[in-house]
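The following note sets out, point by point, what may be read from the model shown here. Comments are grouped by structural element.

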Amino acid sequence: MAALSADSRPQLASKARLRTDKLTGETLLLYPEHGLVLNPSAAAILRLCDGRSAGDIAAELGAPLADVLEFLAALSDRGLVQT
Amino acid sequence: MSPGPRPYVLVAELTYRCPLRCAYCSNPTQVEDRPALATADWLRVLDDASELGVVQVHFTGGEPLLRDDLEPLVERAAQLELYSNLITSGLPLTRERLAGLKAAGLCAVQLSFQAARPGPSAEIAGVDAFEPKRQVAAWVRELDLPLTVNVVLHRGNLDEVDRIIALAEELGAGRLELANTQYLGWAYQNRAALMPSLAQLDAARAVVAAARDRLRGRMELLFVLPDYHGDRPRTCMNGWGERYIVVTPDGRAMPCHAAHILPLAFPDLRTQSLVAAWRDSEAFRKYRGTDHLREPCRSCDRREIDHGGCRCQAFLLTGDATAADPVCELSPHHDLVVAARAAAAEAAPPLTLRRLRLAR
C-alpha cells in the first residue's frame, strides 16, 4: 500500500458509514459488527474525505498535516479509509 | 435516577430453523413451542431498539433467509440508520434476492464456512454446502457488499487455519472471524468431540499472528480465544444487559443468546416493549454490574473487567448462575474445565448434529 502523503485522496471505505448519534449528537463511524465514537476533529476529517487531497483537508480544518495523516493512516490500517 | 446502560447491538434471531445442522451450533438444544414473532412485532422491536440507542443490528438465527419478511426488516433498519449485518449460512439464496436486500439497505454480510474444504464441511454441518457458499461469497463481492467470513474452530479444523485464511482471501473477505467454539447449546452436547488440544491452539494462534501482519489493511483477522484454555473468563457480552440485546424467534428479550437455559422469566415482546424490557425487567437487571457477585469474584481485581465471566456457562456447569465462571482458575469448580480439556487427548466420540427439538 502506498504511504499516505499530502497528495493522497482518502475516501471512506464502502463498508463504513458515518452517522450522527441520536442520543448524544456525536459522530459515529459504523462498519461490519463494530463502531467507533469519533471526537470532533476526527469526525471533521472524515466528513471531508470526499475526493479532495489530505493536504486540502488539513488546510480546510487549519490542522497540522502530520496529525491528519496519522489519523488517516490508522483508519487505513483498519481498512476503513482507502487511499 | 441514572438512565442505566445503553445497548448498542440488537441480535435479532429471526428463526431457529436452519438448512445446516452444525454440531457446534449455539442455538438451544430444546426450544419452547411458541409461534414466531410476526413482522409487525419485529418492526416495533427495531423502532424500540433505535430509541434505546442501538446502532447495529445483526439479523441472524438459525438462518434468517428462511424468513420471507427479511426485506421489510432490513428496510426499516435502514430508515433508522441502523448498520445492518446479515449473519447467514448463505442458504437458500439467489443473486436476485441478495441484490434486493442490498437495495433495501443491507450494509454487510457475514457468511459462515465450516472448513477450508467440502468434505470436512459436510461432516460437521450434515449438509454439503461448500460450493453454494462460495457462490454466495462471489455474489456478495460482485454487489460490493462487505464480506465477513466466519468459521467456528474446533479440533477438526484448527489444523487447517492456514487454508481457511487462504480461502477467505480468495473470496475477497474484508474480515475473517476465527471463533473458537464456545461450549453452550449444541456445542456443549458435543464438547468432547470438539475439544482441541493446547498444541493445536498454539499452532493456529501463531499462523493467525503471522497472517495478521501480512494482511493488515486488506483483511481484518479476528481470533476469538477459547475460554476453556484461558486462565480468566471472557467479558461475556460486554457485561449482562450492558451492550447487547438478543431477541429470540418467539419474541423473548434476553441479554445473551445462551440465556434461555437460566431459570429467569425473559420479557415477552408480544406483550411489552423492548424499552421496558431493557430498563425495568427483572431478567435484565438480575446480573447487571457486579453487585450480584460472590467470592472469589466479589473481591477480585478483575471484577469490573469480566463480571465473573459468563452467567450461562456458570449455570450450565455448576447449576448456579451466580457462581464464578468455572473457566476461571480461581473458581472452586475449575476442575470441571480442566477435566473437559483432557477430552482432546482421547479419540473423538461421534458428533450429534443439531435438530429442532421442542421442549415438552
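In what order do the nine strands of the open sheet of chain B lie?

1. The model is a predicted one. In chain B the strand order is β7-β6-β5-β4-β3-β2-β1-β8-β9, in an open sheet with mixed pairing. The edges are formed by β7 (220-224) and β9 (253-254) of chain B, each of which pairs on one side only.

2. Helix α5 (residues 130-142) of chain B packs on it and touches β4 (108-113) and β5 (147-153) of chain B, its direction making about 160 degrees with that of β4(B). Helix α9(B) also packs on the sheet, where it touches β5, β6 (175-180) and β7 of chain B. The direction of α9(B) makes about 160 degrees with that of β7(B).

3. Six bridges connect β5(B) and β6(B), which run parallel, and V149(B) stands opposite L176(B) of β6(B). On β7(B), the pairing with β6(B) is again in the parallel sense, over five bridges; here F223(B) is the bridge partner of L178(B). Together, β5(B), α6(B) and β6(B) make a right-handed β-α-β unit.

4. The helix of that unit also meets α9(B). The axes of α6 (residues 161-171) and α9 (residues 198-215) of chain B come within 9 Å and cross at roughly 30 degrees. From α6(B) the contact involves V161(B), D162(B) and I165(B), and from α9(B) it involves A204(B), V207(B), V208(B) and A211(B). By class, this contact has six nonpolar residues, one charged residue and no polar residues.

5. Strand β1 (residues 9-13) of chain B runs parallel to β8 (residues 244-247) of chain B, and four bridges join the two. Within this pairing, V9(B) has Y244(B) as its bridge partner in β8(B).

6. How far apart are the end C-alpha atoms of helix α1 (residues 39-52) of chain B? They are 20 Å apart, which agrees with the 20 Å that its 14 residues should span at 1.5 Å a residue. The buried residues of α1(B) are W42(B), V45(B), L46(B), D48(B), A49(B), S50(B) and L52(B). Their cover includes β1, β2 (56-60), α2 (70-79), β8 and α10 (274-280) of chain B. The helix is followed by G53(B), which has a positive phi near 115 degrees.

7. P255(B) is situated in the loop between β9 and α10 of chain B. Is P255(B) buried or exposed? It has 30 other C-beta atoms within 10 Å and therefore counts as buried, the threshold being 20 or more. Leaving aside residues up to four places away in sequence, P255(B) touches M237(B), W240(B), G241(B), Y244(B), V246(B) and F284(B). Of these contacts, F284(B) is 29 residues from P255(B) in sequence but 6.4 Å from it in space, C-alpha to C-alpha.

8. The peptide bond from G61(B) to G62(B) is cis, with omega near 15 degrees; G62(B) is in the loop between β2 and α2 of chain B. A cis bond also leads from L91(B) to P92(B), with omega near -5 degrees, and P92(B) lies in the loop between β3 (83-88) and α3 (95-104) of chain B.

9. E81(B), in the loop between α2 and β3 of chain B, has a phi of about 60 degrees. N238(B), in the loop between β7 and β8 of chain B, has a phi of about 55 degrees. E81(B) counts as partly exposed because it has 17 C-beta neighbours inside 10 Å, and N238(B) is partly exposed with 14 other C-beta atoms within 10 Å.

10. Chain A holds an open sheet of three strands in the order β2-β3-β4, with antiparallel pairing. Its edge strands are β2 (17-20) and β4 (34-38) of chain A. Neighbouring strands are turned by 25 degrees against each other on average, direction ignored. Four bridges join β2(A) to β3 (residues 27-31) of chain A, and T20(A) stands opposite T27(A) in β3(A). Helix α1 (residues 40-47) of chain A lies across β2, β3 and β4 of chain A, at about 110 degrees to β4(A).

11. Finally, the interface: 19 residues of chain B are in contact with 15 residues of chain A. On the chain B side there are six nonpolar, six polar and seven charged residues.

Technical notes. Residues numbered from 1 in each chain as written. Chains lettered and ligands numbered in written order. Predicted model: local features only at pLDDT ≥ 70, side-chain atom pairs only at ≥ 80, totals over all residues. Axes fitted to C-alpha atoms, helices over the stretch in contact; angles between N-to-C directions. Contact = placed C-beta atoms within 7 Å. Nonpolar A, V, L, I, M, F, W, Y, C, P; charged D, E, K, R; others polar. Pairing = 2+ DSSP bridges. Expected span 1.5 Å × (residues − 1). Buried ≥ 20, exposed ≤ 12 C-beta atoms within 10 Å, placed from the backbone. Right-handed = clockwise from strand over helix to strand, strands pointing away.
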